[in-house]
Amino acid sequence: MSHTLTSAYIGLGANLGDPQARLMWAMDQLSALPQCQPVARSGLYVSAPFEAVGPDFINAVLHLQTTLSAHELLLNLQHIELLAGRERPYRNAPRTLDLDLLLFGDQHIHTATLQVPHPRLWERAFVLLPLAEIAPQWVTADQLSAVAGQPVMRLEPR
């Protein structure tokens, strides 16, 4: 285990049940993880499913500082997904909760179970917009321009 704090950015998404409440619950669960300290939460964003069908998604990004390794953090993300009733019947299926490790410090990780930066991070407006809100240093104007055709709307808090 490392004692060095690393910035981790986690993408959250859901489109089954009450996705807005589920994301708030998940952000609380993530913020309460041992060896993790919440730094910033984006607002919530709504978008149609990307390369999938089903109800609209609610998405957000959470910034944590952690002493966990990327793989240890991934195991925690998967556990929280299971607690939320996540099932994986097929690729891009509707979901109660999806947690993606987007960035882990400036590390580039390519293993059978984890790729960081997330391989589709720069292709998805529903990730880039909330990430740009809390970490503008990670998102360029060109990257935002490249996804400008994908309709995403920021939700007002309820």
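**Exercise 1.** Determine how exposed Arg41 is, and with which residue its side chain forms a salt bridge.

*Solution.* Arg41 has a relative accessibility of 35% and therefore counts as partly exposed, a class that lies between buried (under 20% relative accessible area) and exposed (over 50%), with a 1.4 Å probe and protein chains only. The model is predicted, so local features need pLDDT of at least 70 and side-chain atom pairs count only at pLDDT 80 or more, whereas totals for chains, interfaces and linings use all residues. Residues are numbered from 1 along each chain as its sequence is written, and side-chain values use heavy atoms, with hydrogens and water left out. Next, the partner: the side chain of Arg41 meets that of Asp28 in a salt bridge at 2.7 Å, N to O, the term requiring a side-chain nitrogen of Lys or Arg within 4 Å of a carboxyl oxygen of Asp or Glu. This pair links distant parts of the chain, since Asp28 lies in helix H1 (residues 19–31) and Arg41 in strand S2 (residues 36–41), 13 residues apart; helices (H or I, at least four residues) and strands (E, at least two) are DSSP runs, numbered from the N terminus. Asp28, at 42%, is likewise partly exposed.
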